Amino acid sequence: MAPDLAALAGLTVRHRLRVGRWLAVAVAALLLAQLVVSASTNPRYDWPTFAAYIVSPTILEALWLTIELTVIGAVAGFVLGIGLAAARLSGNRVLAAFSFGFTWVFRSVPLIVQILFWGYLGALYPVIGIGIPFGPTFGSSATKDLLSPFAAAVVGIVLHQAAYGSEIVRAGILGVDPGQHEAARALGIPRWRHFYRITAPQALRIITPAAVNEVIGLLKGTSAVFILALPDLFYRVQVIYGRNGRIIPLLLVAVAWYAALTTLLSIVQHLVEQRLSRGSRDTAVRSAAAVRTEVVA
C-alpha cells in the first residue's frame, strides 16, 4: 500500500536537542581556547627560537633523512610483506611455517632493539662470507664495512615493517567474501585474473586504512635510529638543544614536522579511500534510488 503523500506533506519534522553533543562541543572549544591562550602567553614556549629553527638547513636535512627512511621502510617492507602473506596463505606448510615464524620474531622484538642489533652485528659476526655451508668460502668482508649505520637502520626498519605489513595484507585478502572466489572458480576465471580484477580491488579497501596507519607509525618510529647516532629529525633536535639548552622550542620543531607529515599522509589516505570506494558508493546510491522509486510508486 502506497503511503498518503498529502498526509506526509503536512507533518512537521522536529529535531531533538542533543544536549550531550553540545556539551562535548563546549568542553572541546574551552580546552582548545585554553591551549591557544597558554601557548601564546607562556614565554617558556620560546616561539622566536622555534621560528629560527623550523626551516633551518640543519633541520631540513635531518627531515629529509627521516622521510627517506620512512619511504624505504614502507615500500620495501610492504613488498616483502606481500610475499610473506602469500607464503602464509599458500598450501605449502613449510612456506606457511616460515612466514609465521618470521612474523612472530620481528613483531616480538621492539624496533629500537632490532636497529641496535643490526648496528652491532659485527660484535657477533666480525666477518661475513659467501660460500657453501660447511664448505669453501668464495669471499668475505668485515661486517662493519658491509653494514654501515644507515644500512643497519634500513635493515631493521624493513624487517620490522615486513612483519606488520604481511599481517595487514593477509587480513585484507581474508576479508574478501569467500563467495567471490567460488563464483570466479565456477565461471572458470583464471587465478591471476581473479586475483587482479576481483580479490585485489576489494582487499585494497580493507588494507588501505591499516597500511597508512602503519606508515604513520613508521614515520614516528624512525626516531629510534638515534641509537646509532644517525642524524634524523629527532637526533638532530636532541643535538641542538643539548648545545643551547632550548629544549621546549626544539621539541616543538620536531612535533610540528611530524604533525605536518602525518597530516599529509592522512590526506593521501582519504583520497585513496575515496578512489577505492567509488564502486561501492555508486552501488549504494543506485540501491537507495531504487528504494525511493518503489516507495513513491
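Author: One term before we start: two strands pair if DSSP finds at least two bridges between them. Also keep in mind that this is a predicted model.
Reader: In which sense do strand 1 and strand 2 pair, and over how many bridges?
Author: They're antiparallel, with five bridges linking residues 127-131 of strand 1 to residues 137-142 of strand 2. The hairpin they form has five residues between the strands, and F134 has a positive phi there, near 60 degrees.
Reader: How many residues of strand 2 are buried?
Author: Zero of its six residues are buried, so strand 2 lies largely in the open.
Reader: Let's zoom out. How many helices and strands does the chain have?
Author: You'll find 13 helices and two strands. The chain has 297 residues, and 31% of them are buried. Looking at contacts with a separation of 6 or more, 72% are between residues 24 or more positions apart.
Reader: Which residues touch the most other members in the largest nonpolar core?
Author: That core has 33 residues, and the ones touching the most other members are L69, F102, I115, W118, I157, I207 and V225. Two or more residues each come from helix 4 (57-89), helix 5 (93-108), helix 6 (111-119), helix 8 (149-174) and helix 10.
Reader: Which helix gives the largest share?
Author: Helix 8, with 10 residues.
Reader: And what does F102 contact, leaving aside neighbours within four places in sequence?
Author: F102 contacts L80, L84, L159, A162 and A163. There's also a second, separate core of 15 residues, and L63, L219, Y258 and L261 are among them.
Reader: Why would nonpolar residues gather like that?
Author: In soluble globular proteins, nonpolar side chains tend to be buried together.
Reader: Switching topic: at what angle do helix 10 and helix 12 pack?
Author: About 170 degrees, and their axes are 10 Å apart. That makes helix 10 roughly antiparallel to helix 12, since the cut-off for that label is over 145 degrees.
Reader: Which residues make the contact?
Author: On the helix 10 side they include L204, R205, T208, P209 and V212, and on the helix 12 side they include Y258, L261, V272, E273 and L276. The residues in this contact divide into 11 nonpolar, four polar and three charged.
Reader: Is T208 buried or exposed?
Author: T208 counts as buried, at 9% relative accessibility.
Reader: What about L228, where is that?
Author: L228 is in the loop between helix 10 and helix 11. With 14% relative accessibility, L228 is buried too.
Reader: What does L228 touch, not counting residues up to four places away?
Author: Its contacts are I115, G119, Y120, P149, A152 and A153. Take I115: it's 113 residues from L228 in sequence, yet the two C-alpha atoms are 7.9 Å apart in space.
Reader: What's the phi of A229?
Author: A229 has a positive phi of about 60 degrees, although A229 is not a glycine. A229 is also in the loop between helix 10 and helix 11, and its 43% relative accessibility makes it partly exposed.
Reader: And what is phi for D46?
Author: D46 has a phi near 55 degrees, again a positive value in a residue other than glycine.
Reader: Where does D46 lie?
Author: In the loop that runs between helix 2 (19-41) and helix 3 (47-53).
Reader: Is D46 buried or exposed?
Author: D46 is buried, because its relative accessible area is 14% and the cut-off for buried is under 20%.
Reader: Got it, thanks!

Terms used:
Residues numbered from 1 in each chain as written. Predicted model: local features only at pLDDT ≥ 70, side-chain atom pairs only at ≥ 80, totals over all residues. Heavy atoms only, no water. Axes fitted to C-alpha atoms, helices over the stretch in contact; angles between N-to-C directions. Helix = DSSP H or I, 4+ residues; strand = E, 2+ residues; numbered from the N terminus. Parallel < 35°, antiparallel > 145°, perpendicular 65-115°, else oblique. Contact = heavy atoms within 4.5 Å. Nonpolar A, V, L, I, M, F, W, Y, C, P; charged D, E, K, R; others polar. Core = buried A, V, L, I, M, F, W, Y, C linked by side-chain atoms within 4.5 Å. Buried < 20%, exposed > 50% of the residue type's maximum accessible area, 1.4 Å probe, protein only.
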